[in-house]
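Hello,

Here is the structure I promised to pass on to you. Have a look at it first, and then read my notes below.

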Amino acid sequence: MDLGIKGRRAIVCAGSKGLGRGCAEALAEAGVDIVLNARGAETLATTANDIEARFGVTVTPVAADITTPEGRAAVLAVAGDVDILVNNAGGPPPGIWSDWTREDFIKALDANMLAPIAMMQACLPGMMARGWGRVVNITSQSVRAPIAQLGLSNSARAGLTGFVAGTARQVAGAGVCINNLLPGLHATDRADALDGAVVRAEGITMDEARARRFANIPVGRYGTRDEFGAMCAFLCSDYAGFIVGQNILLDGGAANITI
Ligand code: NAP
């Protein structure tokens, strides 16, 4: 399927690995040139070279922390006018409600609420002026089905979701569509880290930890970054012009939610 976005330009934040990388690969396959961001320069360069070689598009790496004003400025300076923005960053650590300090909340809000909002505020005016734009925010299934120990994530992502719900309707008339993708458990480093923590805490094997998680996912496995990226690319396609302000869950059926 030709997504109708060949030759367009995208920023993909936090995209050297995992779900962000999946989004960058799927956009590149659709012919989109990419400004690719992550903090670690070496992995980022390897990923950028790999995507360029496989898909024949231009991938420009910008090593920067997207949760800081300086990091965002570095990405935006290289990117110039972009048609597509994929917002992403690492997720906050798990914990318990009684331990979280104001500083913990500020850090989570900076990473998972205020950074994507700042990127949208920077990119939306140009998209609106040009009459076409797509924004996908990677949030979490916890927006629809909060996970108790991920309270920092639940809080920050709820704030972003509220901002998108209003803003998406304000910019849609200018040809700009903003939507959120809500990952359930996917096979990335993040999932490995969460499983590793269970292995250490409970003295079980990795296979046992995985089997436990798979038991709660109706499809019986983790999602893949390719599946996730394909959905992102569709939301960034010309065909997604009637999809506005949605929260789309990709979780293998784990959250039993009817609407
Ligand atoms: P991942 O495999 O750990 O990859 C994270 C990517 O983001 C890496 O490329 C990392 O590179 C980059 N990154 C992290 N912090 C950054 C920062 N401050 N600035 C720029 N780049 C940054 O993680 P993932 O599983 O793809 O998760 C992506 C997001 O989805 C996270 O917010 C996570 O909480 C959420 N999520 C994931 C799952 C899942 O099952 N995987 C489920 C629900 C929600 P550097 O470290 O080099 O910067």
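**What I found**

Let's start at Ala14, which sits in the loop between strand 1 (9-12) and helix 1. Please keep in mind that this is a predicted model. Ala14 is not a glycine, yet its phi is positive, at about 50°. For comparison, most residues other than glycine have a negative phi.

**Around the ligand**

Which residues are closest to the ligand? They are Ser16, Leu19, Ala89, His186 and Thr188, out of 28 residues that surround the ligand. Sorted by kind, the shell has nine nonpolar, 13 polar and six charged residues.

A backbone N or O atom of Ala89 is 2.6 Å from an oxygen atom of the ligand, and one of Gly90 is 3.3 Å from a ligand nitrogen atom. Arg157 takes part through its side chain, where an N or O atom lies 2.9 Å from an oxygen atom of the ligand. On its own the ligand has 890 Å² of accessible area, and the protein covers 90% of this. Helix 1 (18-29), strand 2 (33-38) and helix 6 (189-202) are the elements that give two or more residues to the shell.

**Salt bridges**

How many salt bridges does the structure hold? There are 13. In one of them, the side chains of Glu25 and Arg225 meet at 3.3 Å, N to O. Glu25 belongs to helix 1 and Arg225 to helix 8 (residues 225-235), so this pair ties together parts that are 200 residues apart in sequence. Glu25 is buried, because its relative accessible area is 4%, whereas Arg225 is partly exposed at 30%.

Asp50 and Arg54 make another salt bridge, with their closest N and O atoms 3.1 Å apart. The two are about one helical turn apart because they are four residues from each other in helix 2 (residues 41-55). Shared partners join Arg21, Glu25, Asp50, Arg54 and Arg225 into one network of salt bridges.

**A buried charge**

Finally, look at Asp251, in the segment after strand 7 (247-250).

Enjoy exploring, and write back with any questions.

Best wishes

Key:
Residues numbered from 1 in each chain as written. Predicted model: local features only at pLDDT ≥ 70, side-chain atom pairs only at ≥ 80, totals over all residues. Heavy atoms only, no water. Near = heavy atom within 4 Å. Polar contact = N/O pair within 3.5 Å; in protein donor to acceptor, adjacent residues only side chain to side chain. Areas by Shrake-Rupley, 256 points an atom, 1.4 Å probe, with all protein chains shown as cover. Nonpolar A, V, L, I, M, F, W, Y, C, P; charged D, E, K, R; others polar. Salt bridge = Lys/Arg side-chain N within 4 Å of Asp/Glu carboxyl O. Buried < 20%, exposed > 50% of the residue type's maximum accessible area, 1.4 Å probe, protein only.
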